[in-house]
Amino acid sequence: MTSQAKNNWSINDSIDLYGIKKWGQGNFSVSDTGDATITIPFPEGNVSVPLIDIVNGARGRDYALPLLLRVENFLDAQITLINETFRQAIKTADYHGSYTGVFPVKVNQQCAVIEEISRFGVKYGHGLEAGSKAELLLCLANLHTNGLLICNGYKDQDYIDLGLWATKLGYRCFFVIESPSELPLIIERSRLLKIKPLIGLRIKISAQVSGLWTETSGDRSSFGLSTAQLIAIIDQLRDQKMIDSLQLLHCHLGSQIPDINEIKVGVREASRFYADLADEGIPLKYLDLGGGLAVDYIGNQSDHSQSCNYNLSDYCEALVTTIKETLAPQGIEHPTIMTESGRFTVAHTSILLFDVLDVMRYEPISIPETLPQNLHPLVEKQYQLFRQIKETEFTNVYPLAIDTRDQIRELFRLGTISTRERALAENLFLGIAKKLISILDGQKDVPLSVLKLKQNFADIYYGNFSVFQSLPDTWAIGQVFPVMPIHRLDEYPERNASISDLTCDCDGKLDHFILSGGESSTLPLHPFKEQENYILGVFLMGAYQETLGDLHNLFGDTNVISVRINSDASFDVIKEQSGDTISEVLQMLEYNPSSFFNDFRDKIEGAVKNQKITINDRQKILNLFSERLNDQTYFNKAQEI
Ligand SMILES: *Cc1c(COP(=O)(O)O)cnc(C)c1O
């Protein structure tokens, strides 16, 4: 970056740099004062609220960072978007059926999310999808009694009975059969309870998709019925005079499918099954195409595994026209199209906000103007290199400096070079690297090998959060989420950094970022100032992260608030939830914190008896111990003195 760009840095440069327009879908922007904002459309116009205002509002209510923020408006907006876009595609294609969406609960089971989807979804008849008994129970509690419910997953007798009673109550509750063994129990229970079930069949699609979840489809997928099994089940239903229960055909190709052509191939296959079965006289009405609708995390509209080469309109159009075309030769009536789009519905709604606690810089601490006498010649050599770096010969300098550094380390191990000499030599080495990087910063077309140099000497920013608790997919499958500061965006971000979390695990880090130009292993950030908060946001992380997280190093749930933005730019806190306390986390591991306290007290009493501490100290220590048990697990800045 040239110094000119540095001096003229504007919020638009930040918008470009962090790629906000590309991945933000219009939901995020930057205010004139350099604060990241969320933008909500209202009939009277767009309303923008700085995230820092929400952070301050949360702090005022005693919800410190790290904080998981949910914006309810985004849930409503996504549900509206998917329903309206399908409606448009159906109209354009002159398709004779309609669209109904269901939200797959496993993507985000949190109460605030499900309550809002159930409440807002009524308008569109948007339903819920359950994949387990626990999920079914929460669906039944949240969905209104004529709501649409898709029951996937393994079903025991209790699951089936619950679903049957739900049908009797008026829910449109479909049992989607995933394996032949489920059918006899459904037949038996429905006969016994005298309730006619609604049945769907999950077919195995042989077309395989790319992306991170390729195993969901294909012959070896553990989900769904082979064609032979499908036919066997249909024959059984006919024998049992239950074929009129079979109204739905289901498939799920995988999640985050980046390539629209692969989606079309899968939909075509599913539609062929639908056409033939309908042709046989089976009263099918619904074609449920599962999930897969991708979120463009990177924002470059490509077939990269974390992007997608289509937008929502393309997706809707692809489904509608592929189904229509595939059914046409047999003159089959158009089904109601269903999708179970989870990721697309909830990704935007959640933002993880955390503060930076400290920074490690790979820079020299001090380099003396003149060198001490009688230094080892190798240290002298490094010093000369440091002094004489010239722009023209920099490609030779770096390998030479590394070589000298390594020789010095070897001689240190042999006892020839002292610790002080080594310290000086390391400062010199870092000084050389810093000079080289600043020479390069002014140059265009920086070669790849040199970019690597920048990464090797990038800062580490320590964040007050746990990757394992809050962003498990970044660790497990290399998922990338957009990360950026939520303020100071009118300032040039002159540092380059990776981010480390609070856990003592070298995997507890973020070192893969989305920048306008693509991906990067470092993130441009602003210089950290001890006395000021520096807050980063991780965006688009509303899908799959919350319940997959774990207690690594005993970092528990963060504080969570759900807000609703109003048309006058005020916001209401709809739901709030304090993060886990240390005591709660310990109880999850079957400790008993109150006996814990007693055990510790016994030790302290012993220390009083042995006159190691005074009675006064005893009280101080015990108070500290018991108060900390009720604290949250994250770094508490207020406690820092
Ligand atoms: C996980 C899952 C989904 C959700 O997929 P997304 O790609 O998140 O939309 C939908 N249906 C089934 C059966 C699933 O298992």
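Let me start with strand E14, which runs parallel to strand E16 (residues 495-500) and is joined to E16 by four bridges. Strands here are DSSP runs of at least two residues, helices runs of at least four, numbered from the N terminus, and two strands pair if DSSP finds at least two bridges between them. This is a predicted model, in which local features need pLDDT of at least 70 and side-chain atom pairs pLDDT 80 or more, while totals for chains, interfaces and linings use all residues. Residues are numbered from 1 along each chain, and side-chain values use heavy atoms, without hydrogens and water.

Back to E14. Tyr-462 has Ser-500 in E16 as its bridge partner. E14 also pairs with strand E13 (residues 350-360), this time antiparallel, over four bridges. There, Met-360 stands opposite Ile-460. Of the five residues in E14 (residues 459-463), four are buried, meaning under 20% relative accessible area with a 1.4 Å probe, protein chains only.

Next, helix H5, residues 72-92. Its 21 residues should span 30 Å at 1.5 Å a residue, and the end C-alpha atoms are 31 Å apart, so the two agree. The expected span is 1.5 Å times one less than the number of residues. After H5 comes Asp-94, with a positive phi near 50°.

Last, the domains, whose bounds come from an automatic or database assignment. Domain 1 is 1-67 + 462-579, and domain 4 is 582-639. Their contact takes 16 residues from domain 1 and ten residues from domain 4, counting heavy atoms within 4.5 Å. The C-alpha centres of these two domains lie 34 Å apart.

Notes
Buried < 20%, exposed > 50% of the residue type's maximum accessible area, 1.4 Å probe, protein only.
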